[in-house]
Amino acid sequence: MDDRNNTIAGWVLFAGIIALGGTILTGEMFHGDRPETMGYPIEGVELEAGAEEAKPVAFYLASADAARGEAVFARCAACHSINQGGANGLGPALYGTMGGDIAGVPGFAYSDALASKEGNWTWEEMDAWIASPRSYAPGTKMTFAGLSDEQDRADLLLYLNQQTSNPLAVPPPPPEEAEEAAAEDAMGEDAQKAEDVPVLDEATTDADDGSSDGGQEVPEA
Ligand code: HEC
């Protein structure tokens, strides 16, 4: 009797150990795969989002609104006049600035940083200046942190371009290129996800089938 009991107890214990081992192995396979599946698409999304941020000013000008730009100019009005014939203040009078010479307002004492800049205020130059005066002209006297929002800047530039007798032509938007590029990026992103997911799913499914079959067969034998 003792022998038989021991034998039965031994088989029950053995079956339990095999079943437990199978469960642990299966669980580890699930847990091991899951972070990999989630990780790759997230990295891709972050890269795409970063790439989308670098759009030319012409892109934002396409949907710019001069009335909104006039509201943005309230942040500049403490130092700048904008009306025709307006006086210099803390900053130079800005009527006629768009398209005009950089640091070209008569009677204003510019910093060397800005006075040494060559050329005219184009859309691109003005956009870079307003984004960060300190980066554009290190040592400038304009103590304004800058406008980080691309659309705010485009609105403002469109407004400034109305405050001149000689406005610049508004550049044609680059929408086809930009939209095509964005569409391609989105497709590339989906394609990466689509490639990654089935590969990992197949591996997971195969591994699970193998280990659970093994766990069931051993106690029967
Ligand atoms: C605190 C005062 C102050 C504020 C606010 C300010 N500016 Fe200025 N701005 C200046 C000064 C000072 C200069 C001259 C900079 C230099 O000589 O380095 C300047 C120069 C400029 C110039 C160059 C003009 C030229 O003759 O080439 C432009 C354009 C300009 N500011 C636009 C703006 C706009 C647009 C805003 C609002 C978004 C703004 N500024 C806000 C003080 C200011």
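The iron atom of the ligand is held by H80 through NE2 and by M142 through SD, at 1.9 to 2.1 Å; donors here are N, O and S atoms within 2.8 Å of the metal (3.2 Å for Na, K and Ca), and water is not among the atoms, so sites may look incomplete. H80 sits in the loop between α3 and α4 and M142 in the loop between α6 and α7, so the pair ties together parts that are 62 residues apart in sequence. The site has 6 donor atoms with angles of 85 to 179 degrees among them, which makes it octahedral. That label is given to six donors if opposite donors are over 155 degrees apart and all others between 65 and 115. For reference, ideal angles for six octahedral donors are 90 or 180 degrees.

A word on what you are looking at. This is a predicted model, where local features need pLDDT of at least 70 and side-chain atom pairs count only at pLDDT 80 or more, while totals for chains, interfaces and linings use all residues. Residues are numbered from 1 along each chain as its sequence is written, and side-chain values use heavy atoms, with hydrogens and water left out.

The cut-offs are under 20% relative accessible area for buried, over 50% for exposed, and partly exposed in between (1.4 Å probe, protein chains only).

Now for the rest of the ligand's surroundings. There are 27 residues around the ligand, and the closest are C76, C79, H80, Y110 and M142; a residue is counted if one of its heavy atoms lies within 4 Å of the molecule. K141 takes part through its backbone, with a polar atom 2.9 Å from a ligand oxygen. A polar contact is a pair of N or O atoms within 3.5 Å; within protein, one must be able to donate a hydrogen and the other to accept it, and residues adjacent in sequence count only if both atoms are side-chain atoms.

Leaving aside neighbours within four places in sequence, S111 is in contact with G139, T140 and K141, contact meaning heavy atoms within 4.5 Å. The loop between α3 and α4 also contains A103, a residue other than glycine whose phi is positive, near 55 degrees. Most residues other than glycine have a negative phi.

Stepping back, the protein has 8 helices and 0 strands. Helices (H or I, at least four residues) and strands (E, at least two) are DSSP runs, numbered from the N terminus. Of the 221 residues, 29% count as buried. Residues 24 or more positions apart account for 57% of the contacts with a separation of 6 or more.

Helix α7 (150-160) is mostly covered, with 9 of its 11 residues buried, and what covers them includes α2, α3 and α5. At the start of α7, a side-chain oxygen of D149 comes within 2.9 Å of the backbone nitrogen of Q151. Further along α7 is Y159, which is buried at 7%. The C-alpha atoms of Y159 and G69 are 5.2 Å apart, although 90 residues separate them along the chain. Beyond its sequence neighbours within four places, Y159 is in contact with A66, G69, E70, F73 and I82.

From α3, R68 is partly exposed at 38%. Not counting residues up to four places away, R68 touches S63, Q151 and D155, and its side chain reaches the backbone oxygen of S63 at 3.3 Å.

Finally, which residues of α5 (123-131) are buried? They are W123, M126, D127, W129 and I130. Seen down the axis of α5, these fall within an arc of 165 degrees, so they line one face of the helix; the arc is that of the directions from the helix axis to the C-beta atoms. Their cover includes α2, α4, α6 and α7.

Methods: Four donors count as tetrahedral if all angles lie between 85 and 135 degrees; four count as square planar and six as octahedral if opposite donors are over 155 degrees apart and all others between 65 and 115; anything else is irregular.
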